Amino acid sequence: MSKVSYYTAEGLKKLKDELDQLKSIERPKASQAIADARDKGDLSENAEYDAAKEAQGLLELRIAKMEELYANARLIDESQLDVSKVLVLSNVKIKNQANGMEMKYTLVAESEANLKEGKISVTSPIGKGLLGKSVGEIAEINVPNGILKFEIVEISRD
């Protein structure tokens with residue numbers, strides 16, 4: 001059974017573009033590399049041919065995995081999101097109870113997570129701990145070095 005993944009419009013487009021790139025550009029390149037290696041003579045002692053075949057196999061495996069991902073991808077309708085609770089695509093401002101530091105994150109699907117952009121995965125420990133919480137609630141999150149407590153300060157969809 002395949003796992004359904006939820007994407008923003010931007011994330012789904014990125015996935016589709018990468019899949020198209022692999023199929024229309026990388027696949028023909030791999031086929032050409034095999035053809036070039038085959039033209040060099042005896043295949044039984046041709047390491048270049050073996051390497052090209054292996055690279056093609058890995059590429060096809062990657063394409064198959066991405067096609068499965070794309071087939072099970074669902075677009076999140078941002079207009080239907082409830083801002084009273086932390087959900088996927090929520091922008092949430094949290095305050096660390098230990099040091100008073102405030103942080104702002106957007107909860108996204110695992111494939112779109114990027115900490116530098118402030119996007120954390122809903123499957124990460126912090127993401128899981130924040131899901132379903134409302135403004136004013138305290139999220140207690142188990143991390144390897146103990147329990148972190150974050151107060152939900154604000155939830156938005158901007």
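Which residues of the largest nonpolar core touch the most other members? Before I answer, please keep in mind that this is a predicted model, in which local features need pLDDT of at least 70 and side-chain atom pairs count only at pLDDT 80 or more, while totals for chains, interfaces and linings use all residues. Residues are numbered from 1 along each chain as its sequence is written, and side-chain values use heavy atoms, with hydrogens and water left out.

The answer is Val86, Val92, Ile94, Leu107, Leu130 and Ile152, in a core of 15 residues. By a nonpolar core I mean a set of buried Ala, Val, Leu, Ile, Met, Phe, Trp, Tyr and Cys residues joined through side-chain atoms within 4.5 Å, where buried means under 20% relative accessible area with a 1.4 Å probe, protein chains only. Two or more residues each come from strand 3 (91-96), strand 4 (102-108), strand 6 (138-143) and strand 7 (146-156), strands being DSSP runs of E with at least two residues, numbered from the N terminus. Apart from this core lies another, of 10 residues, including Leu12 and Ala73.

Turning to the sheet, we have an open arrangement of 5 strands in the order 5-4-3-7-6, with mixed pairing, where two strands pair if DSSP finds at least two bridges between them. Strand 5 (119-121) and strand 6 are the edge strands, each pairing on one side only.

Strand 7 runs antiparallel to strand 6, with 6 bridges joining them, and these two form a hairpin with 2 residues between them; Glu140 has Lys149 in strand 7 as its bridge partner. Strand 3 is also joined to strand 7 by 6 bridges, again antiparallel, and here Asn91 is partnered with Ser156.

Notes. Buried < 20%, exposed > 50% of the residue type's maximum accessible area, 1.4 Å probe, protein only. Helix = DSSP H or I, 4+ residues; strand = E, 2+ residues; numbered from the N terminus.
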